[in-house]
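Here are my notes on this one, as numbered points. Have a look at the structure first, then read on.

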Amino acid sequence: MSDGDKNPAATPTPVTDVQGDGRWLSLHNRFIAETKDKEPEVVFVGDSLVQLMHQFEIWRELFSPLHALNFGIGGDTTQNVLWRLQNGELAHINPKILVLWVGTNNHEHTAEQVAGGIESIVHLINERQPQAKVVVLVRMPSSFFVLCLLHC
């Protein structure tokens, strides 16, 4: 992808409220409220793969003691996560580690576009949370390549 091309997977975009119940924006606002009330050591951000982690014992055993926050929303794409992070979810916190797991729902994008979206998110995190180590987890269809970025 040339520099002149605009990457749709790296364009911050809120979710369209097709159900008409404001569910996605409500979750986003709840996450912002949690940043004002808690001091997490670890923050998880992403789609349903992150959101569902709360249901497993490993969350209670390993991550709850670290005051971890779970900012996962099912169905989110790279551009949705980028919008959420630009609009308050990184405010008021100073985590040691930020785990990003997104890209699974970017069905309409190429692997290169998804990688660019992930890179944009990591860049934003590094700007707004320079103290945090960023861990990127990727689980994508086999036609996609795996990108893992680590800010040390």
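How many residues does H5 have, and how far does H5 reach from its first C-alpha to its last?

1. Keep in mind that this is a predicted model. As for the question, H5 has 18 residues and reaches 26 Å from its first C-alpha to its last. That is close to the 26 Å expected at 1.5 Å a residue.

2. Some context for the fold. The protein comes to five helices and five strands, and along the sequence they follow the pattern α-β-α-α-β-α-β-α-β-β. Of its 152 residues, 45% count as buried. If you take the contacts with a separation of 6 or more, residues 24 or more positions apart account for 78% of them.

3. Back to H5, and the helix it packs on. Helix H4 (residues 78-89) and helix H5 (residues 111-128) pack at an angle of about 15°, and their axes are 9 Å apart. Angles under 35 degrees count as roughly parallel, so H4 is roughly parallel to H5. The crossing of H4 past H5 is left-handed.

4. Who makes that contact? On the H4 side you'll find Thr78, Val81, Leu82, Leu85 and Gln86. H5 brings Val114, Gly117, Ile118, Ser120, Ile121, Leu124, Ile125 and Arg128. By type, the residues of the contact of H4 with H5 split into eight nonpolar, four polar and one charged.

5. Now the buried part of H5. The buried residues here are Ala111, Gln113, Val114, Ala115, Gly116, Gly117, Ile118, Ile121, Val122, Leu124 and Ile125. What covers them includes H4, strand E3 (97-101) and strand E4 (133-137). A handy reminder when reading such lists: an α-helix has 3.6 residues a turn, so residues three or four places apart point the same way.

6. One residue I'd click on is glutamate 34, in helix H1 (residues 23-37). Is glutamate 34 buried or exposed? Buried means under 20% relative accessible area, and glutamate 34 has 16%, so this glutamate counts as buried. Leaving aside neighbours within four places in sequence, glutamate 34 is in contact with Leu69 and Phe71.

7. Histidine 107 is exposed, with a relative accessible area of 61%. Threonine 77 is 30 residues apart from histidine 107 along the chain, and their C-alpha atoms are separated by 8.9 Å.

How values were computed. Residues are numbered from 1 along each chain as its sequence is written. This is a predicted model: local features need pLDDT of at least 70, side-chain atom pairs count only at pLDDT 80 or more; totals for chains, interfaces and linings use all residues. Side-chain values use heavy atoms; hydrogens and water are left out. Axes are lines fitted to C-alpha atoms, for helices over the stretch in contact, and angles run from 0 to 180 degrees between N-to-C directions. Helices (H or I, at least four residues) and strands (E, at least two) are DSSP runs, numbered from the N terminus. Angles under 35 degrees count as roughly parallel, over 145 as roughly antiparallel, 65 to 115 as roughly perpendicular and the rest as oblique. A crossing is left-handed if the near helix is turned anticlockwise from the far one by less than a right angle, and right-handed if clockwise. Contact means heavy atoms within 4.5 Å. Ala, Val, Leu, Ile, Met, Phe, Trp, Tyr, Cys and Pro count as nonpolar, Asp, Glu, Lys and Arg as charged, and the others, Gly among them, as polar. The expected span of a helix is 1.5 Å times one less than its number of residues. Buried means under 20% relative accessible area, exposed over 50%, partly exposed in between (1.4 Å probe, protein chains only).
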